Amino acid sequence: MLTNKLNTFRRYCAQASNPFYATTPIFYVNAAPHIGHLYSAVITDAICRYQRLRQPEQSLHLCTGTDEHGTKIQQAASAQAVPVAQYCDDISARYREVFAEAGIANTDFIRTTEGRHKQAVAQFWRTLNAREHIYSAAYSGWYCVSDETFLTDSQLRLDTASNTRFSLESGHPVEWTEETNYMFRLSNLQDDVLHWVKQGGRIRPGKFEKILLDMLSEPLPDVSVSRPTNRVHWAIPVPDDDSQTVYVWLDALINYLTSVGYPDEKFRSYWPPNVQVIGKDILKFHGIYWPAFLIAAGLEPPQQLFVHSHWTVDGQKMSKSKQNVVDPVVAAKTYTMEGLRYFLLREGVAHSDGNFSNVKALRILNSELADTLGNLLSRACAKSLNPRQVYPRLHAVQLDDLLRMDATKRLQDALQQIEARCAQHYADNNFYLVVDTVISTLHAANNFFETARPWELKRPIAAGGTDADAANTRNIENFERLETIIAMTMDTLRICGIVLQPIVPQLCGKLLDKLAVPQEQRLWRNLGECCFAMSPSISASNGNVTRPLGARTDAVLFRRIQLDESELLAAGQAYKPQEKRHTKPDVEENTSKQTKQKSNKKAGKSKKVAL
Ligand code: MSP
């Protein structure tokens, strides 16, 4: 007893003294948030929520925010004829609102225009300077305002008709710039950066490690880390030299330090970050510049960069000019924010681009959240089957009997594997595989429910004459069998609800509220308590009591979305029956393929209703 308490206390101390720190990129305020931005944030949020589910006692910091300095922001504000500070306030507030609505549980929202950040940047600059990593030089080159970076000739494409050069990677135009700048001795740090990247597992998925190693196979030039104030005035001044402002990428990257209290020494308790989530377009800045800046300042680079690919819309890059930018607030009117979160994490895979289409979103949400998950809860809670509105207990004899059915064995099998499989998928940030595993478990549960036919057990058998006792016994058996079927169904829903919390926290909160699962029993460690997954003898003793359902929560988890064809067309999404889903992932699973086929079949069925 005492040893147990001591172990719990030790575990608590170890977790509490070893905090977890995750970051999203900070978002440019030159335009309103779109689903690509939300994607970076939901991935980070799901990583953190999973961490909390596993280690609720650990302190955790999730930082997000807005990147507000530089020419790009100056230009966006002047195009709208709004003072730049007000412009930043407005767009930054929109990010904050969207993230709150999407359930992003950030513990900080940083803005690079805040005083605390300016102080951190000044201190970081002084440290680099004191350690002789900065020098002044005349510099000339092609500058891309949209990417906020200088580019080399090999990174450019010349359009001979207009005699204009464009960034090969982003497609944005560049301008010739000659100025005196402060330079950072990146060339001195090539080996250190390479050493960091090669430590294995630093850059995930592996595809992006290869891309980074490729970039590092060429000699790294020194980089400009300041701009003349008369060109870029909306920026942080270089300490002790007002004629220069700090390069926006150096300014922006330092936000990760500011958020944990740098330059105050307390920042060290969170440093280095456990995981920094970024999109593939900003790999060079986070995979080369950032570790180099940190090493130069005598600090440890992040433990891991998790890199995700991009969302296209109907196969096209999202852009204002194509008018195909998906605004999360608008999309949430159709799908709900929880639905949108589910879609992004269910359909997105880190290593290849995902395609957003209304038809696909509609099909997935209707078939999985409404028909597979929601419908099972409604059926188990239906007053006709469950008039007492309870989460009933299991009855050992009936359970034994039901476990002989193939459909029950399949469900039991799925439940026995769900914890280990999903733990692995979460550890790899393969959220789509977590969903695959959960949905295939729910398919097994729906199949079990159909096969067990609980509705046939609810009508009492009339007692007539001498058969009264036999009828009474049958009625008791039927009642107990009905309760056992509902209990097994509810237990499956409880397990799936716990597992899916990092992906759709509000929806799972509602599910677990309806099932009256106490808050402190919604943790990963509670997955081991499945009433029937292990063996009937364990199940009979394991918290097996009847309890009332949550009366204040209705049993409709996710309403089917009904859009007619004209509404879909109005949204600019033509129906494509043979949409290809993921390209080959790093880790492909048979189960995942099978589930995809099943769920596509199911989705096909719902097409008629959805359209
Ligand atoms: N401000 C810089 C980051 C500085 S971090 C120190 C920036 N901002 S951004 O607003 O342009 O992009 C923020 C994030 O959104 C990046 O991770 C980027 O990859 C992501 N996305 C932008 N467009 C995207 C898609 N179309 N799809 C998925 N993610 C995308 O870069």
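## Salt bridges and a buried glutamine

Asp513 counts as partly exposed because its relative accessibility is 34% (buried means under 20% relative accessible area, exposed over 50%, and partly exposed in between, with a 1.4 Å probe and protein chains only). This is a predicted model, in which local features need pLDDT of at least 70 and side-chain atom pairs count only at pLDDT 80 or more, while totals for chains, interfaces and linings use all residues. Residues are numbered from 1 along each chain as its sequence is written, and side-chain values use heavy atoms, leaving out hydrogens and water.

**Asp513 and its partner**

- The side chain of Asp513 meets that of Arg522 in a salt bridge at 2.7 Å, N to O (a salt bridge is a side-chain nitrogen of Lys or Arg within 4 Å of a carboxyl oxygen of Asp or Glu).
- Arg522 is buried, as its relative accessible area is 7%.

- In total, the structure holds 25 salt bridges.

**A pair between two helices**

- Arg346 and Glu368 form a salt bridge through their side chains, at 2.8 Å from N to O.
- Arg346 belongs to helix α12 (residues 337–347) and Glu368 to helix α13 (residues 358–381), so this pair ties together parts that are 22 residues apart in sequence (helices, H or I of at least four residues, are DSSP runs numbered from the N terminus).
- Arg346 counts as buried, with 1% relative accessibility.
- Glu368 also counts as buried, at 2% relative accessibility.

- Another salt bridge brings together the side chains of Arg494 and Asp491, at 3.0 Å from N to O.
- Both Arg494 and Asp491 sit in helix α17 (residues 468–500), three residues apart, which is about one turn of the helix.
- Arg494 counts as buried because its relative accessibility is 7%.
- Asp491 counts as buried too, with a relative accessibility of 2%.

- You will find Gln398 in helix α14 (residues 396–402).
- Gln398 counts as buried because its relative accessibility is 9%.
- Leaving aside residues up to four places away in sequence, Gln398 touches Glu477, Glu480, Arg481 and Thr484 (contact means heavy atoms within 4.5 Å).
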